[in-house]
Amino acid sequence: MRFMSLVSDFAMRGARRRIPGRRNGGLSFALRTGLAFVSLGVAAALTACSGSGWDQAESSIPDPAVVAQGKQIFRFDTFGDESQWTDTLRMHEVIRTAVDPTTALSVGLKVDAEALPSAVVAGIQNGSVDLKSPDTTVALLKLDAVIGLKGTVETINGKDTLTRVGVTCALCHSTVDNSFAAGIGKRLDGWPNRDLDPGAIIALSPAISVAQKAVYNSWGPGKYDPRFNQDGRNGPQVIPPAYGLNGVHRITSTGDGDDVAYWNRYVGVTQMGGHGSFSDRRTGVSVTNGTDDLITAKLPALQAYQLTLAAPPPAAGSFDPVAAGRGKLVFNGPGTCATCHSGTEFTDANARLHPPGDVVSEPEPNGAPSWASRSATKQYRTAPLQGVWQHAPYFHNGTAPTLEAVVRTYNTRKSLGLTETQIADLAEYLKSL
Ligand code: HEC
Ligand code: HEC
């Protein structure tokens with residue numbers, strides 16, 4: 001069975017399978033949970049005068065058409081960043097000659113099983129689709145099946161050839177449920193891809209220096225330094241979830257923006273290389289790519305979609321409810337956790353940020369400079385805790401491998417004097433959020 005011919009048959013039939021709505025997305029979920037969302041108009045107004053009118057904004061229900069548009073942007077829009085990934089970094093050459101699907105999966109790239117026609121699924125299952133050939137990667141890109149990568153495939157001398165490639169938000173902030181095979185399954189938008197090794201991927205570029213390659217290769221899976229190419233300093237961050245942020249008005253671990261659109265513009269322009277502008281006089285970052293703006297008009301819909309992404313609830317049986325009940329009392333009492341992790345989002349972010357002296361995650365590992373010192377606020381935001389079970393390791397720099405390690409770090413650094421039972425109970429409570 002020839003994979004490429006399967007793909008072209010499929011393309012000719014024009015029968016791209018529709019991607020069903022996610023359980024956490026959409027209007028019905030909004031109504032069911034009673035959560036409030038930002039509508040397009042209000043989000044646009046917020047972008048224009050960020051910092052005011054939050055409460056009013058959140059009482060409106062999002063327009064499902066706008067949310068659907070935002071989902072497409074989140075998954076498939078590159079904002080024209082092919083200029084960076086193709087013209088500058090020449091990743092299309094690397095991918096089409098050296099990245100077979102097995103290699104792609106090994107650096108944490110994920111495949112959307114729902115984008116695969118059934119004949120391809122069968123071919124993967126019976127081994128007739130060659131997972132050791134870069135041509136298969138090109139075929140998967142043609143199907144829009146590699147999460148977060150957007151390829152343009154053209155026929156050159158009768159062969160499907162990758163001519164352009166760019167990246168989307170989904171690269172870092174989506175994974176799959178592994179329902180088909182490891183790394184292949186249904187999309188989980190908003191879940192951080194902690195298997196992805198963005199540094200190792202960028203280091204494959206033939207266009208970067210040996211010194212830069214060494215930095216990129218030092219990051220490892222699940223981490224990315226979104227300031228390295230601006231300030232030249234090296235201190236990779238854990239890729240955070242992009243879910244559970246409705247109602248949180250300090251965005252990023254240092255609270256640099258008032259809404260997610262702040263980060264979307266920052267990362268879209270300065271990291272992804274999308275066409276448009278970002279500037280923030282607090283950090284001195286000022287970047288313009290291209291002469292057109294392919295970002296600004298998309299920010300309201302993108303944000304509306306992101307705010308529908310709720311934190312995933314813990315699986316039944318994944319924690320001990322009785323111990324968690326006791327742990328809640330520790331959280332609110334002797335642990336003093338609730339003095340900062342307050343309210344339904346478990347954060348005081350909308351009221352205040354915290355100086356580095358308040359956090360237990362500094363100093364940074366490996367002698368890296370304080371992450372806060374490289375940010376706009378020079379402070380940290382109390383991390384929201386809904387869905388925290390899902391995204392180990394913890395803290396901005398990933399220094400705590402488990403929730404129990406988080407609790408032990410607080411116990412030591414803040415001299416809380418918790419007993420072993422209290423520590424275990426508190427960890428169970430965190431698993432239940
Ligand atoms: C190369 C990986 C990468 C890509 C691509 C990327 N991000 Fe991020 N994202 C990060 C990292 C790392 C952070 C942490 C930044 C920090 O806390 O200072 C982050 C932070 C965020 C946050 C803030 C989370 C919080 O808790 O406040 C949101 C929301 C987000 N990203 C959404 C997006 C969207 C939408 C896009 C596309 C426009 C995108 N990201 C593209 C790596 C990425
Ligand atoms: C002084 C305010 C403050 C107190 C008290 C506090 N935290 Fe935190 N917490 C923070 C801040 C700020 C962060 C983010 C630190 C970082 O990103 O490195 C954080 C991060 C966390 C994280 C990591 C979340 C993630 O997404 O990685 C967990 C879990 C957590 N805290 C649990 C607790 C528990 C349990 C207690 C009580 C024992 C506690 N916190 C007490 C402010 C506080």
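With 22 C-beta neighbours inside 10 Å, T252 counts as buried. T252 sits in the loop between β8 (237-238) and α15, and its phi is near 80°, a positive value in a residue other than glycine. Keep in mind that this is a predicted model.

- Most residues other than glycine have a negative phi, and most peptide bonds are trans.
- F395 has a positive phi too, about 75°, although it is not a glycine.
- You'll find F395 in the loop between α17 and α18, and it is buried, with 21 other C-beta atoms within 10 Å.
- The peptide bond from E362 to P363 is cis, with omega near 0°; P363 is in the loop between α17 (321-332) and α18 (403-413).
- The bond from A392 to P393 is cis as well, omega again being near 0°, and P393 belongs to the loop between α17 and α18.

**How α15 meets α16**

- The axes of α15 (residues 260-271) and α16 (residues 299-307) come within 9 Å and cross at roughly 120°, which makes α15 oblique to α16.
- α15 passes α16 in a right-handed crossing.
- On the α15 side, V260, A261, N264 and R265 make the contact, and on the α16 side L299, L302, Q303 and Q306 do.
- Sort those contact residues and you get 4 nonpolar, 3 polar and 1 charged.

**Helix α5**

- Buried in α5 are V66, V67, G70, K71, I73, F74 and R75.

Key: Residues numbered from 1 in each chain as written. Chains lettered and ligands numbered in written order. Predicted model: local features only at pLDDT ≥ 70, side-chain atom pairs only at ≥ 80, totals over all residues. Axes fitted to C-alpha atoms, helices over the stretch in contact; angles between N-to-C directions. Helix = DSSP H or I, 4+ residues; strand = E, 2+ residues; numbered from the N terminus. Parallel < 35°, antiparallel > 145°, perpendicular 65-115°, else oblique. Left-handed = near helix turned anticlockwise from the far one by under 90°. Contact = placed C-beta atoms within 7 Å. Nonpolar A, V, L, I, M, F, W, Y, C, P; charged D, E, K, R; others polar. Buried ≥ 20, exposed ≤ 12 C-beta atoms within 10 Å, placed from the backbone.
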